[in-house]
Structure formats: C-alpha cells, structure tokens
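Let's walk through a protein model together, one feature at a time.

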Amino acid sequence: MNNTETGYAWFHTIAFYVDTQPTDSTGANWKYSIKNNEQMYFNVSTIKGYKSGYWSSNTYTRYIEDDYINTTITDLVLRRWDSDTREYIEYQYPEDLNVTSTAVNGNALVNMTYINGNWPSGYYNGELILNNSDGETSRGWLWFQARPFRVSLSTATYEIDSDVCANTTLDIYEPYWYESTLLAGNYSILDVYEDIWSGNGYSRIDYTNFTNSTFNASTVVSLCPNDANWGAGNWGGYHY
C-alpha cells in the first residue's frame, strides 16, 4: 500500500445567482397555483453568488445590500406538460409571453402574462434568462400551475371488494393549496377514466357508471366498475 487516498469535491461556476420565488400580486405570499385568467408573479433577486442564510431575532437573513446586482431580463421560456398528448408544449418570450418590466435592480416583482388569452391549464416549468452589465448571462428557474379550480376526493375506506361501487366525497376549492374555502359554482363530472400500466405502456379504461348530477362545490359520488368488476388494476389490484 502507498498510504494515499482520493478525495472528491464539486462546485458550480456561474456569472451571478438568480433566486426566483412564486408569489402573489403583493410579493408577500407564496403562491404557485393560479386560475387560468390570473397573472403569474415571481419575486426575482439577482446576487453576486449564492449564500446560505441564518436565523437572527426570528428573521431569516441571507444577503446584504452589497450582494445584489442590477440585471436585465433578456429571455423567457416556459414548458407546459400536456397530460393528453404526454408531451411538453413550449412557450417563448415575446411571441407567447410578456413581462411587465425587464429591469431587476437587485430585486423585482416580475409579472408574467400569456398574451394569447388565459393560461392553458397544466404544470409549467422554465427559465428566466438575465444579463448583467458585463454582458454575462445567468438563469432563474420557474415553476407554477394554472387551473380553474382544485378538486379534492376523499373516501372512508380505501379497500373494497372487486364488485363493489366506490363512494367518495368530492369538494371544489380555489386552485391554490392554502385556501380551504369551498368554491361555489355549478359543477358536473365530464369523464372518469383509469390508466392501467404494463410493461408495454398503458391502456385507458373509461368508466360510465357514476353519479353525475350538477352540484355546488361539494357532493358525494358513487363510482361503479364496468361489467360489475374492477379487474386487476395496477400492480395487484390498485386502482387510481
């Protein structure tokens, strides 16, 4: 033996660090899920380099004034996952997207809109590209969700016989998770289906025997299997 050992290290080189946080129109509250007709906001900060923070007097401190730099937003791209086609759809700035201001003077509340009307429903992720005064480029990562409302399903039991109907409580809420007030309106179920996965991909089963009357914000739904039997489902009898 030669009495030597190897140590491993890792690091990241960037021109400057971009911090992005989804928020509401005031910039004070975390908000990553919006209605389709709402504008999306991000708190954007551009800093010389990333720092971990510390707690002092119940305040979380990470950066000081000298850490921040002025930058300009030069590009923006978002990708939305389409659950029907199982593909990403890409949106570009300025063809599809707009921002209210491109200047980030250390910190900025950036307002993003979809210029072709309401946001299409789905999960979005992407990048905000910025330049500093030296022409150097860095990226901030973006993610949020757009949908008209949030659907919550709950059941008293998660184990039933293979030929028994499933009874669930269906509640409608605002799209963001911290809102627990029921969202009044006239709702109805359009479709119920299940994807059964196997080694060759998946097959879709449409269920047609379920309670489908118009309801206001909350209802109990009885869902029954086709041909009076749920079948094998996924991985030994699991259905979702």
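Predicted model: local features only at pLDDT ≥ 70, side-chain atom pairs only at ≥ 80, totals over all residues.

Q: Which residue forms a salt bridge with Arg 204?

A: A salt bridge is a side-chain nitrogen of Lys or Arg within 4 Å of a carboxyl oxygen of Asp or Glu. For Arg 204 the partner is Asp 195, with the closest N and O atoms 2.8 Å apart. Asp 195 counts as buried, at 9% relative accessibility.

Q: How many salt bridges does the structure hold, and which residues are linked in a network?

A: There are 8 salt bridges, and the network links Arg 79, Glu 90, Glu 127 and Arg 139. Arg 79 meets Glu 90 at 3.3 Å, N to O. That pair joins distant parts of the chain, with Arg 79 in strand 6 and Glu 90 in strand 7 (residues 87-92), 11 residues apart. Strands are DSSP runs of E with at least two residues, numbered from the N terminus. Arg 79 also forms a salt bridge with Glu 127, where the closest N and O atoms are 2.8 Å apart. Here the link runs from strand 11 to strand 6, with Glu 127 and Arg 79 48 residues apart.

Q: Which residues touch the most other members of the largest nonpolar core?

A: A nonpolar core is a set of buried Ala, Val, Leu, Ile, Met, Phe, Trp, Tyr and Cys residues joined through side-chain atoms within 4.5 Å. The largest one has 26 residues, and those touching the most other members are Leu 76, Leu 78, Leu 97, Met 112, Trp 119, Leu 128 and Phe 144. Several strands each supply at least two residues, including strand 3 (40-47), strand 6 (70-82) and strand 12 (137-146). The largest share, 4 residues, comes from strand 10. A second, separate core of 12 residues includes Leu 170, Ile 189, Phe 210 and Trp 230.

Q: How is a pair of aromatic rings described?

A: A pair of aromatic rings is described by the distance of the centres and the angle of the planes. Rings of Phe, Tyr and Trp (its six-membered ring) pair if their centres lie within 6.5 Å; planes under 30 degrees apart count as stacked, over 60 as edge-to-face and the rest as tilted. The whole structure has 16 aromatic pairs. One of them, Tyr 32 with Trp 143, is tilted, at 5.3 Å centre to centre and 45 degrees between the planes. Tyr 32 lies in the loop between strand 1 (17-23) and strand 2 (33-34), while Trp 143 is in strand 12, 111 residues apart. Ring pairs also link Phe 42, Tyr 91, Tyr 114, Trp 119, Tyr 124 and Phe 144 into a cluster.

Note on methods: Residues numbered from 1 in each chain as written. Heavy atoms only, no water. Buried < 20%, exposed > 50% of the residue type's maximum accessible area, 1.4 Å probe, protein only.
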